[in-house]
Every structure is written in structure tokens, then in C-alpha cells.
Amino acid sequence: MRTKDKILQASIELFNQVGERQVTTNHIAAHLGISPGNLYYHFRNKEDIIRQIFKEYAKLLEQRIQPPQADQPALDALASYLDVVFELMWRFHFFYANLPDILARDPALQQDYLRVQQGVLARVTLVLSALKKSDIIAIEDADIVNLAHSIKLLVTFWISYLKTQAPDKPIDQSSVYQGVLKVITLFKPYATPSALLQIQQLQQHYQILAGEI
């Protein structure tokens, strides 16, 4: 693995463990057993590292959250979306935990973030439209974008919410899955009678992963 990639992986690990604000470039270099000068050869500062991490995050979003395929069952598209939500919330939970502060320090990153999130909103809207077309949910067309916004809002700030409720409690996988469950709760009021059982089964699957069953 290239030194640059090792720096990015170590940074994500440390940011997730102790919080991005507590980690300096010296901490990252020491964690890897390299000199600060070696780190600065690859990255100008910590903000540069965070910017590169965000590019990786954005690439995964674009690759993994795809509009449903014509031959793909709509509920499978929903399950796939939820799995991606969990994976990215867990892998980059430092970013979700401290999002406003990170973006406030880097206007260029703020603009990149807004651009990426517009694409995410469009993809989630397509998933919801496919669910309606397949009679999984019953929702007015005018409400689809608002529901997509609500889902995106919940996902974006779920970990921040957890940190406000228990600042000293570490984020673990079960707590991230609890956020995924909250997303399913947003879907349930719109479930059609024929699809309600399937959505409940999906909910039970994530309840097990969240340690609620």
C-alpha cells in the first residue's frame, strides 16, 4: 500500500476512535511510525487529508447509491440503500459526528459537500419513485422529494444526535444500525397493505443487527 493511502486509512481510524478535533498530523505520523515531514510530502495539512477522505466518501456514494435497475425489485433497491447507509455511516462516522465544524473550516469542502448531497437527494428520490411504482409505498408525487429530504436529514445527523445524547459513549455498529431503523420507520406509514409484511421483515432484520431483538 502506498504511503499516501496508509496516511488516509490511519487518519480515518484515528478520527473515528477519538474524534477528528483531537487528532493532529503529528498524531497521524506517530501512529504510522513515519516522520511529520514524510506526511507533509503527501498532504499539506490536516484539512488536505480530510478533503481527500471526503473524495473517497463521495466516490463510494456515487458508486453504491444507484438508481434502481429496470429488472431490480424495488424493495431490493431499498435494502441495498439501507446497507450502503450503514456502511458509510460506520466507515466515516467521525465525519457525520462533526460535520458542521469540519465544513465551516473549509469553504471549498463545503461546496463539494453540497454538490455531492444534491446527487444523493436525486438518487434517493429515484428509489422512492421506484417504490411507489412497484406499489411498495403509497405517496403523493409532491411529497416524494420531501420524504427524500427527511431521510437524508436523518442519515446526516443521526450520529451527531447520538453524540449530543451521550457525549462520552463511543459510536458502535449497533448504534449506527439504530439509525438505519429510524429510516425504515419513515417508510412504514407509506407502506401499502401488500408490502407491509415485507417492510416489517426488513425492519426485524435490522432490529437484530441493532441489538434490539
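Let's start at the loop between H8 and H9, because that is where Asp135 sits. This is a predicted model, by the way, so please keep that in mind as we go. Asp135 is partly exposed, with a relative accessible area of 44%. Have a look at its backbone too: Asp135 has a positive phi of about 65 degrees, although it is not a glycine.

How do H8 and H9 pass each other? They make a right-handed crossing. The axes of H8, residues 107–133, and H9, residues 141–165, come within 9 Å and cross at roughly 125 degrees. That angle makes H8 oblique to H9. On the H8 side, the residues making the contact include Tyr113, Val120, Leu121, Val124 and Leu128. On the H9 side, among them are Ile144, Val145, Leu147, Ala148 and Ile151. Sorted by class, this contact has ten nonpolar, five polar and three charged residues.

Let me zoom in on Leu128. Which residues does it touch, if we skip those up to four places away in sequence? They are Ile137, Ile144, Leu147, Ala148, Ile151 and Phe187.

Leu128 also takes us to the core. The largest nonpolar core has 73 residues, and Leu128 is one of those with the most contacts inside it, along with Ile28, Leu82, Phe92, Phe95, Leu131 and Ile151. Which helix gives the largest share of this core? That is H5, residues 74–91, with eleven residues. If you are new to this, here is a handy bit of background: in soluble globular proteins, nonpolar side chains tend to be buried together.

Next, please find H4, which covers residues 46–64. H4 has two helix partners I'd like to show you.

The axes of H4 and H8 come within 11 Å and cross at roughly 10 degrees. The two helices are therefore roughly parallel to each other. From H4, residues including Phe54, Tyr57, Ala58 and Leu61 meet residues of H8 that include Leu109, Tyr113, Val116 and Val120. The classes here are nine nonpolar, one polar and five charged.

The other partner is H1, residues 3–18. The axes of H1 and H4 come within 10 Å, and they cross at roughly 95 degrees. So H1 is roughly perpendicular to H4. The contact is made by Ile7, Leu8, Ser11, Ile12 and Phe15 of H1, together with Lys46, Ile49, Ile50, Gln52 and Ile53 of H4. These residues divide into seven nonpolar, two polar and one charged.

Is Lys46 buried or exposed? Lys46 is buried: its relative accessible area is 13%, and the cut-off for buried is under 20%. Apart from neighbours within four places in sequence, Lys46 is in contact with Phe15, Glu20, Arg21, Val23, Thr25 and Arg105.

Arg105 is in the loop between H7, residues 99–104, and H8. At 32% relative accessibility, Arg105 counts as partly exposed. Its contacts, again leaving aside neighbours within four places in sequence, are Glu20, Arg21, Lys46, Glu47, Ile50 and Asn98. And how far apart are Arg105 and Ser175? In sequence they are 70 residues apart, and in space they are 28 Å apart, C-alpha to C-alpha.

Terms used
Residues are numbered from 1 along each chain as its sequence is written. This is a predicted model: local features need pLDDT of at least 70, side-chain atom pairs count only at pLDDT 80 or more; totals for chains, interfaces and linings use all residues. Side-chain values use heavy atoms; hydrogens and water are left out. A nonpolar core is a set of buried Ala, Val, Leu, Ile, Met, Phe, Trp, Tyr and Cys residues joined through side-chain atoms within 4.5 Å. Buried means under 20% relative accessible area, exposed over 50%, partly exposed in between (1.4 Å probe, protein chains only). Helices (H or I, at least four residues) and strands (E, at least two) are DSSP runs, numbered from the N terminus. Contact means heavy atoms within 4.5 Å. Axes are lines fitted to C-alpha atoms, for helices over the stretch in contact, and angles run from 0 to 180 degrees between N-to-C directions. Angles under 35 degrees count as roughly parallel, over 145 as roughly antiparallel, 65 to 115 as roughly perpendicular and the rest as oblique. A crossing is left-handed if the near helix is turned anticlockwise from the far one by less than a right angle, and right-handed if clockwise. Ala, Val, Leu, Ile, Met, Phe, Trp, Tyr, Cys and Pro count as nonpolar, Asp, Glu, Lys and Arg as charged, and the others, Gly among them, as polar.
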